[in-house]
Amino acid sequence: MVEIAVEVNGRAETAEVDGRMLLSDFLRGVLGLTGTHVGCEHGYCGSCTVLVDGASARSCLMLAAQANGSSVRTVEGLADGEELSSIQQAFKDCHGLQCGFCTPGLLMTVTEIAAEVASTPSRHQIREQLAGNLCRCTGYHQIVDAVEQALDQAAGGGR
Amino acid sequence: MKPPKFRYHAPSSQAEALDLLNAYGDEAVVLSGGQSLIPMLNLRLARPAEVIDLGSVGGMDLIVTEPDAVSVGARVTHRQMEADPDIARHLPMARDAAGFIGFRAIRNRGTVGGSVAHADPSAEWPVVLLALDGSVDLRSKSGARCLGGDDFFQTVFTTGRQADELVVSVRFASRFADNWGFSEFQRRTGDFAVVVAAVACAAGSGGIGEARVALAGVADRPVRCPEAEEALIATEDPQAVAEVARDAFDPVGDSHGSTAHRKQLVYAQVLRAAGEALARRDKGRPDG
Ligand SMILES: Cc1cc2nc3c(=O)[nH]c(=O)nc-3n(C[C@H](O)[C@H](O)[C@H](O)COP(=O)(O)OP(=O)(O)OC[C@H]3O[C@@H](n4cnc5c(N)ncnc54)[C@H](O)[C@@H]3O)c2cc1C
Ligand code: FES
Ligand code: FES
């Protein structure tokens, strides 16, 4: 067993975990944060993406023990009470989701991109940036619409 | 799809990590970025008894500029290689190659040392290492040694590293910063490449003095193509170089491409990479 101390969505958490426990299973099973979804468990689908110290990471490709001392942000950490983040709002406005399985991973990926962009990328660039987040439902058009709207705001100084 | 049972170790210094490797040898694996190891654990393709996490070992994520080379710490991430200004200046090929690796979340965590130690035959760092006359610095409890790319990469997932050795850094020569080309074919953005070509040259008296043409996706490890290197020096014609490279290999076909398709990809990638290298050289010339 390994003792870990992690900040998750601003809350300090401590736990004793098995060395082999994945971060995705820690978030979902131990902390009950089931917004982080698990699809493939080998890095390809992107549904488990979270931010670790601000950088996107596959929570299925990290041991919970590796997150010791880090700050983790999950989809549950995006909204402020009932108020959606501007990226979540854009997904809602543009119908950027259907079943919602891929959505948490996409939102976290886009949250990282929004913190870095200086100008709105082209639709082609958006597709390239999202290549690591698979969606089985939407056909991506509305996701790209949502991300375009969100990044346009981010580049213009919005959150 | 969950890792098998193992004991987790988080040494806080390199010396402690080397002690653990010395004690456990074959029973242990090193965990760096985890972007190849953890999928293998999840799929139970690896069943180590001990996992030694380098995450708390300080000082292994430094990029150090030396007179003729850049030394990249084993824990430097793909993302750092994409963004670091010294890499952009001295190893621009490495900066571009980093952008082709997986997706941003993979690049944020995956490391240069992990990639060379893993030795996937179609990975970017091993072929860049061959093109840029690179070497791998290894350390064990009993000493240190340095292996060139030809000695380090042996076959699929197999290197010259001993079980008690740690990859501590990877060194790339900086003399090719103005004369290089890199091209790869991947089926989808983020996938492993089917074929990669990396071309580097340096000026000699009156023309190209040194040429290096390295390929991934044609053999069980990254390889140089001496015939294409000679052709580059002799002809300075990308098309001639690409034809020679295409005819030099008969890569084994698999689900990602038949032999004929891979040969055609070698031609296309070498044509582009050699063309870029020559175009950069010409742009850099005072009369160019
Ligand atoms: C979805 C996905 C897409 C990817 N696409 C690409 C791609 O296009 N191109 C590409 O090149 N790679 C790709 N990768 C792999 C990625 O680049 C990995 O980061 C890299 O192969 C391994 O680096 P790591 O730091 O993650 O090492 P780990 O996964 O931690 O380790 C890999 C192996 O190296 C050993 N090791 C690690 N560090 C050391 C060390 N310092 N000393 C000795 N042994 C060590 C480990 O024991 C293990 O056997 C992809 C991975 C995923 C999940
Ligand atoms: S579940 Fe982690 S990438 Fe698919
Ligand atoms: S909305 Fe169903 S997978 Fe994307």
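**View 1. Secondary-structure elements of chain B that line ligand 1.** In chain B, β2 (28-31), α7 (112-118) and β10 (166-173) each contribute at least two residues to the shell around ligand 1. The coordinates shown here and in the other views belong to a predicted model. Among the contributing elements, α7(B) provides the largest share of the shell, namely four residues. Sorted by class, the shell around ligand 1 consists of 17 nonpolar, 15 polar and three charged residues.

**View 2. Placement of ligand 1 and its polar contacts.** Ligand 1 is located between chains A and B, and of the 35 residues around ligand 1 those that come nearest are B:Val30, B:Ser36, B:Leu37, B:Thr111 and B:Glu124. A polar side-chain atom of B:Ser36 is found 2.7 Å from an oxygen atom of ligand 1. Backbone atoms also take part: a backbone N or O atom of B:Ser32 is 2.8 Å from an oxygen atom of the ligand, and a polar backbone atom of B:Gly34 lies 2.8 Å from an oxygen atom of ligand 1. Of the 960 Å² of accessible area that ligand 1 has on its own, the protein covers 96%.

**View 3. The hairpin of β1 and β2 in chain A.** Strand β1 (residues 2-8) of chain A pairs with strand β2 (residues 11-17) of chain A in the antiparallel sense, and the pairing runs over seven bridges. Two residues lie between the strands of the hairpin, in which A:Asn9 adopts a positive phi near 50°.

**View 4. The two domains of chain A.** The domain assignment divides chain A into domain 1 (2-77) and domain 2 (86-154), and the centres of these domains of chain A, taken over C-alpha atoms, are separated by 22 Å. Across the boundary, 18 residues of domain 1 of chain A are in contact with 13 residues of domain 2 of chain A.

**View 5. The domains of chain B.** Chain B is assigned domain 1 (7-53), domain 2 (63-173) and domain 3 (180-284). Taken over C-alpha atoms, the centres of domain 1 of chain B and domain 3 of chain B are 35 Å apart.

**View 6. An open antiparallel sheet in chain B.** Four strands of chain B, in the order β11-β12-β13-β14, make up an open sheet with antiparallel pairing. Its edge strands are β11 (180-185) and β14 (223-224) of chain B, each of which pairs on one side only. Between β11(B) and strand β12 (residues 195-204) of chain B, the antiparallel pairing extends over six bridges; B:Glu184 has B:Val196 in β12(B) as its bridge partner. In general, the strands of a sheet pair through backbone hydrogen bonds, in either a parallel or an antiparallel manner.

Definitions and conventions: Residues numbered from 1 in each chain as written. Chains lettered and ligands numbered in written order. Predicted model: local features only at pLDDT ≥ 70, side-chain atom pairs only at ≥ 80, totals over all residues. Heavy atoms only, no water. Pairing = 2+ DSSP bridges. Domains from an automatic or database assignment. Near = heavy atom within 4 Å. Polar contact = N/O pair within 3.5 Å; in protein donor to acceptor, adjacent residues only side chain to side chain. Areas by Shrake-Rupley, 256 points an atom, 1.4 Å probe, with all protein chains shown as cover. Nonpolar A, V, L, I, M, F, W, Y, C, P; charged D, E, K, R; others polar. Contact = heavy atoms within 4.5 Å.
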